[in-house]
Amino acid sequence: QERERVLERLGDIERLGGDNDSCMKHWDEAILLLTKLQEKEKTATLHRKMANVLWNTRGDKEKAKEHHEAALKILEAEPESMELARVYEDLGHMLRRMGSVTEAIAWTQKAIQLAEKLNALEVVACAYVEYANQVGIMGDLKKGLEYANRALSIALSNNYLETAVNAYERVGEWLPAEEYEKRLEYYEKGYELAKKIGSISQSGFFLFLLAGEYI
């Protein structure tokens, strides 16, 4: 059990640092141990994390789908859980990135409903960030900004730093075009927080956003 915890945490750190090959290797090892230990929910958690890396950094939707389905098979046979809401949220995120926004919204709404029911605030905040993106893309910028601000408030109040980084980006994105000074403020804060948690990809992306605003 201790070896599994170390392997999973190593993978978490490597994902933040952008070393996705090492990350997936350590999570693969952890899943083998969890299968032997018959720890179902933790196995589902790793399937969800691996799915996220596959679609988010490699664009491998089909392989990611296999991991999502493995997680759902485990979790939907068990009592409702925070991890099930996380899988719903990640599915919604993936589908939106792949262009299936209507289907993505349905999964994200499921995530929000379950997370709110369980009072799983971190998952609520994550799902709000994704929902903000989806409704913004569909043209409702006001609603997008509302949900992004809700997510940021929850994340900062509870020290959910990775979620707060994502929320800073969303708030900036859905601010009215003329409010560029506010947008700069949110992007600067997001950049500083991304550096603090060691997220290489997000630090780079905030620099890209800041460059665009200054131009």
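Y128, Y131 and Y147 form one aromatic cluster. The structure is a predicted model, and a search of the whole of it finds six aromatic pairs. This briefing covers two of those pairs, the helices around them, and some residues in loops and helices elsewhere.

**The pair Y88 and W107**

- The rings of Y88 and W107 form a tilted aromatic pair, with 5.5 Å from centre to centre and 45 degrees between the planes.
- Y88 belongs to helix α5 (residues 82–97) and W107 to helix α6 (residues 101–118), so this pair ties together parts that are 19 residues apart in sequence.
- Y88 is buried, because its relative accessibility is 8% and the cut-off for buried is under 20%.
- The ring of Y88 also has a charge over it: the charged end of K110 sits there, 4.4 Å from the ring centre.

**The pair Y131 and Y147**

- Y131 and Y147 make an edge-to-face pair, because their ring centres are 4.9 Å apart and their planes stand at 80 degrees.
- Planes over 60 degrees apart count as edge-to-face.
- This pair links distant parts of the chain, with Y131 in helix α7 (residues 121–137) and Y147 in helix α8 (residues 141–158), 16 residues apart.
- Y131 has a relative accessible area of 7% and is buried.
- Y147 counts as buried too, at 14% relative accessibility.
- The charged end of R150 sits over the ring of Y147, 4.5 Å from the centre of that ring.

**Helix α5**

- Helix α5, where Y88 lies, has 16 residues.
- From its first C-alpha to its last, α5 reaches 23 Å, which is close to the 22 Å expected at 1.5 Å a residue.
- Of the 16 residues of α5, 14 are buried, so the helix is largely enclosed by the rest of the structure.
- G99 follows α5 and has a positive phi, near 100 degrees.

**How helices pack**

- Two packed helices are described by the angle between their axes and the distance between the axes.
- For α3 and α5, the axes come within 10 Å and cross at roughly 15 degrees.
- That angle makes α3 roughly parallel to α5, since angles under 35 degrees count as roughly parallel.
- The crossing in which α3 passes α5 is left-handed.
- For α6 and α7, the axes come within 9 Å and cross at roughly 155 degrees.
- Helices α6 and α7 are therefore roughly antiparallel to each other, as angles over 145 degrees count as roughly antiparallel.
- The crossing of α6 and α7 is left-handed.

**Loop residues with a positive phi**

- Most residues other than glycine have a negative phi.
- Q38 is not a glycine, yet its phi is positive, at about 60 degrees.
- Q38 is in the loop between α2 (20–37) and α3 (40–57).
- With a relative accessibility of 67%, Q38 counts as exposed.
- N159 is not a glycine either, and its phi is positive at about 65 degrees.
- The loop that holds N159 is between α8 and α9 (161–174).
- N159 counts as exposed at 56% relative accessibility, because the cut-off for exposed is over 50%.

- S153 is partly exposed, with a relative accessible area of 44%.
- S153 and A167 are 14 residues apart along the chain, and their C-alpha atoms are separated by 8.9 Å.
- D12 is in helix α1 (residues 2–17).
- D12 is buried, since its relative accessible area is 17% and buried means under 20%.
- D12 and R58 are 46 residues apart in sequence, and their C-alpha atoms are 17 Å apart in space.

Notes: Residues are numbered from 1 along each chain as its sequence is written. This is a predicted model: local features need pLDDT of at least 70, side-chain atom pairs count only at pLDDT 80 or more; totals for chains, interfaces and linings use all residues. Side-chain values use heavy atoms; hydrogens and water are left out. Rings of Phe, Tyr and Trp (its six-membered ring) pair if their centres lie within 6.5 Å; planes under 30 degrees apart count as stacked, over 60 as edge-to-face and the rest as tilted. Helices (H or I, at least four residues) and strands (E, at least two) are DSSP runs, numbered from the N terminus. Buried means under 20% relative accessible area, exposed over 50%, partly exposed in between (1.4 Å probe, protein chains only). A charge sits over a ring if NZ of Lys or CZ of Arg is within 6 Å of the ring centre and within 35 degrees of the ring normal. The expected span of a helix is 1.5 Å times one less than its number of residues. Axes are lines fitted to C-alpha atoms, for helices over the stretch in contact, and angles run from 0 to 180 degrees between N-to-C directions. Angles under 35 degrees count as roughly parallel, over 145 as roughly antiparallel, 65 to 115 as roughly perpendicular and the rest as oblique. A crossing is left-handed if the near helix is turned anticlockwise from the far one by less than a right angle, and right-handed if clockwise.
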